[in-house]
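Here's a quick briefing to read with the model open beside you. Take it one topic at a time and find each residue as you go.

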Amino acid sequence: MILVINLNASLDKRYELVDFAKGKIVRAKSVDNTPGGKGIHVANVDTILGEETVVTGFLGGKTGEFVAGRLYDYGIAGDFVEVAGETRSCLAILTEDGAQTEILEPGPDVSLAELKKFRDKYTELLGKADIVVASGSVPRGVPVDFYAELIEEAHQAGKKFLLDTSGDLLARGIAARPDFIKPNRDEMEALRGYRLHSEEDVVREIRHFLEEGIEMAAVSLGSEGSLVGFQNQVYRVTVPKIDCQNPVGSGDSYVAGIAAGFARKLPIEDILRLGAACGTANALEAESGFVQKKVVAQLLPRISVEKIAG
């Protein structure tokens, strides 16, 4: 089973407008409401791929009820801890010029008692899991080293842990040696405290992550694919050119593919292809954190994986 942790779930509201002007009345051409959060995207894609998947975290209030109901409609298995606060909403405003403006609420305040309930829930679910994925931000009241604590518990249980977050959560998490991380160039520069000017600089930092005990470190190159370190090897993963519809959620879909590859015990080259195919398939869809299984299968042979450093 793949256990996905989404501590700061959301209701994602997507507005399509002709234009957006501050201080004016603006009428939306269309509105779409979907369950959101990076971990929920991961769980959705892994469910579509046919993997046994459970997503957990915090949900609260009427918004939390709506998210839980939509997860049920999507066929995503959820096992959440109920909190007194209201689950956040996140707004994406898309205009005809291609610009996207996002408004992200911080999320509910989580009490110590609610944190304790989640830790008990996590311990229970961890016993059934093979792979753990933690994605995204955390709501208020969750300590910055919380992911690190979850990583340590997973490793004590002999379970692989994939971490996809940023800022201090990422820095503290890396210290606990997750099995997978995917920082972008800006996050790597923030972690290291200096600029990365070339691909060679990125490869060097990937190797440093491996030397620090992280099994896999992936760095996205956008439409060019990614650079990935695994154990003692660095790979270049190249994806085909596509007509991108919506890149939001492609990173989450990539993580879902990597998790599915590990769950299936595939060779590393096939794990990397599956991750890249899922990320690319998501970009072909209007909905974030969604892929079509047949499109993923069609993309797999078009993904190039080559060793570039040993």
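**Charged pairs, cores and a buried helix**

Let's start with a charged pair: Arg192 and Glu212 are joined by a salt bridge through their side chains, at 3.2 Å from N to O. Arg192 sits in helix H6 (residues 185-192), while Glu212 is in the loop between helix H7 (199-211) and strand E12 (216-220), so the pair ties together parts that are 20 residues apart in sequence. Keep in mind that this is a predicted model.

**More on salt bridges**

- Side chains of opposite charge can pair when their charged atoms come close.
- The count for this model comes to 22 salt bridges.
- Arg192 and Glu212 also belong to a network of salt bridges, linked with Asp201, Arg204 and Glu205.
- Arg192 counts as partly exposed because its relative accessibility is 23%, and Glu212 counts as partly exposed at 32%.
- Asp164 pairs up with Lys38 in a salt bridge, and their closest N and O atoms are 3.3 Å apart.
- That pair links distant parts of the chain: Asp164 is in strand E10 (residues 160-164) and Lys38 is in helix H1 (residues 38-48), 126 residues apart.
- Because Asp120 and Lys116 are four residues apart in helix H3 (residues 112-126), about one helical turn separates them.
- An α-helix has 3.6 residues a turn, so residues three or four places apart point the same way.
- Asp120 counts as partly exposed, at 41% relative accessibility.

**The nonpolar cores**

- The largest nonpolar core has 47 residues, and Val133, Met216, Ile258 and Leu272 have the most contacts inside it.
- Helix H9 (residues 268-283) gives the most to this core, with eight residues.
- Which residues does Ile258 touch, leaving aside its neighbours within four places in sequence? Ile258 is in contact with Leu162, Phe180, Met216, Ile271, Leu272 and Gly275.
- There's also a second, separate core, with 43 residues, including Val110, Val132, Ala134 and Phe146.

**Helix H8, tucked inside**

- Helix H8 (residues 250-263) has 14 residues and spans 20 Å from its first C-alpha to its last, close to the 20 Å expected at 1.5 Å a residue.
- Why is H8 described as largely enclosed by the rest of the structure? That's because 12 of its 14 residues are buried.
- Among the buried residues of H8 are Ser250, Asp252, Tyr254, Ile258 and Phe262.
- Just past the end of H8, Lys265 takes a positive phi of about 60°.

- You'll find Leu3 in strand E1 (residues 2-6).
- Is Leu3 buried or exposed? Leu3 counts as buried because its relative accessibility is 0%.
- Leu3 and Val55 are 52 residues apart along the chain, yet 5.9 Å separates their C-alpha atoms.
- Setting aside neighbours within four places in sequence, Leu3 has contacts that include Val54, Thr56, Tyr122, Leu125 and Val133.
- Val133 turns up in two places here: Val133 touches Leu3, and Val133 is one of the residues with the most contacts inside the largest nonpolar core.

Technical notes
Residues numbered from 1 in each chain as written. Predicted model: local features only at pLDDT ≥ 70, side-chain atom pairs only at ≥ 80, totals over all residues. Heavy atoms only, no water. Core = buried A, V, L, I, M, F, W, Y, C linked by side-chain atoms within 4.5 Å. Buried < 20%, exposed > 50% of the residue type's maximum accessible area, 1.4 Å probe, protein only. Helix = DSSP H or I, 4+ residues; strand = E, 2+ residues; numbered from the N terminus. Contact = heavy atoms within 4.5 Å. Expected span 1.5 Å × (residues − 1). Salt bridge = Lys/Arg side-chain N within 4 Å of Asp/Glu carboxyl O.
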